Amino acid sequence: MSDVKPRIRLPRSVKAGQAAEVKTLVSHVMETGLRKDADGNTIPRMIINRFTCEYGGEMVIDMALEGAISANPYVEFDIMVGEATDVVFTWYEDGGAVYTQTEQLAFG
Amino acid sequence: MITRRETMAMGLGVATITLLPISANAAADEAIAAYTGGAAVSEGGVTITAPEIAENGNTVPISVEAPGAAEIAIYADGNPTPGVAVFKFGPAAGSHRASTRIRLGGTQDVVAVAKMPDGSFQQAAVEVKVTIGGCGG
């Protein structure tokens, strides 16, 4: 789907050894597979089923999502800040599509 | 003629029937049992935060926190499918908490089950009253 657009908010500045709060949101319908269209046909399930965040090659959070997650899935969590700057966010969609975005932490 | 004994028996039958609806959320219990592998789940150790009343069941903000937990799973016992999400915390996690927004089909309990590194499980539940359900249809 072309309308999958991640939005990520990192703290303005971070310090090594401290937790940094990360807020992520990805635009996605999260179609549950339970709804029916106007003709009574079931709309097939199409959701983001997994979300991961990696920092410095290590996993921060690995989330499994079900249809009960709201449209435009929002996830908030903390990273333990170390030396590395790159944070890699990955969303896995039903059907195999993968969306990745890399962000940089700003040390201050 | 109805004897006193028969009346008592009928009363027992009614009592049994009224007890049955407790298993209405059996699907959630089964899902939790599948996640824990049937291990005993103790209360506490997990904090789940959700609004007492959610006007719109399509997007209900919830937060879970379980210090030291390896994973936290969330279940909604009144939804068509009880599973909501599983958070696995990695070595680079800054805390053992996460927040997200979920769909609730109606007023129900939301349950958080935390898997501790030693393989034990802890859970907490919170009731959310939903004004408008979020499962379409």
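**Chains A and B in a predicted model**

Modeller: In this predicted model, B:Arg97 forms a salt bridge with A:Glu76, and the closest N and O atoms lie 3.4 Å apart.

Biologist: How many salt bridges are there between chain B and chain A?

Modeller: The count between the two chains is three salt bridges. There are also 21 residue pairs in polar contact between chain B and chain A, with both residues at pLDDT 80 or more.

Biologist: Which elements of chain B give two or more residues to the side that touches chain A?

Modeller: Those elements are strand S6 (83–89) and strand S7 (97–102) of chain B. The largest share of that side comes from S6(B), with seven residues.

Biologist: And how do the residues on that side of chain B divide into nonpolar, polar and charged?

Modeller: On the side of chain B that touches chain A, 13 residues are nonpolar, 11 are polar and four are charged.

Biologist: Back to A:Glu76. What is its bridge partner in S7(B)?

Modeller: The bridge partner of A:Glu76 in S7(B) is B:Ser99. Strand S5 (residues 74–80) of chain A and S7(B) are joined by two bridges and run antiparallel.

Biologist: How many residues are in contact between the chains, and what is the area buried?

Modeller: In chain B, 28 residues are in contact with 30 residues of chain A. The area buried between the chains is about 2,200 Å², and carbon and sulfur atoms give 51% of that area.

Biologist: Which residues of chain B lose the most area to chain A?

Modeller: They are B:Ala92, B:Arg101 and B:Arg103, which together account for 28% of what the chain B side buries.

Biologist: A change of topic: what is the phi of A:Met30?

Modeller: Phi of A:Met30 is near 50°, a positive value in a residue other than glycine. Most residues other than glycine have a negative phi. A:Met30 is found in the loop between strand S2 (19–26) and strand S3 (48–55) of chain A.

Biologist: Is A:Met30 buried or exposed?

Modeller: A:Met30 counts as buried because its relative accessibility is 0%.

Biologist: What about A:Asn72, and where is it placed?

Modeller: A:Asn72 is not a glycine, yet it has a positive phi of about 55°. A:Asn72 lies in the loop between strand S4 (58–65) and S5 of chain A. With a relative accessibility of 35%, A:Asn72 counts as partly exposed.

Biologist: Lastly, where is A:Asp3?

Modeller: A:Asp3 is in the segment before strand S1 (6–9) of chain A. A:Asp3 counts as partly exposed, at 41% relative accessibility. From C-alpha to C-alpha, A:Asp3 and A:His28 are 7.1 Å apart in space, while they are 25 residues apart in sequence.

How values were computed. Residues are numbered from 1 along each chain as its sequence is written. Chains are lettered from A and ligands numbered from 1 in the order in which they are written. This is a predicted model: local features need pLDDT of at least 70, side-chain atom pairs count only at pLDDT 80 or more; totals for chains, interfaces and linings use all residues. Side-chain values use heavy atoms; hydrogens and water are left out. Helices (H or I, at least four residues) and strands (E, at least two) are DSSP runs, numbered from the N terminus. Buried means under 20% relative accessible area, exposed over 50%, partly exposed in between (1.4 Å probe, protein chains only). Contact means heavy atoms within 4.5 Å. Buried area is the accessible area (1.4 Å probe) that two parts lose on being put together, summed over both. A salt bridge is a side-chain nitrogen of Lys or Arg within 4 Å of a carboxyl oxygen of Asp or Glu. A polar contact is a pair of N or O atoms within 3.5 Å; within protein, one must be able to donate a hydrogen and the other to accept it, and residues adjacent in sequence count only if both atoms are side-chain atoms. Ala, Val, Leu, Ile, Met, Phe, Trp, Tyr, Cys and Pro count as nonpolar, Asp, Glu, Lys and Arg as charged, and the others, Gly among them, as polar. Two strands pair if DSSP finds at least two bridges between them.
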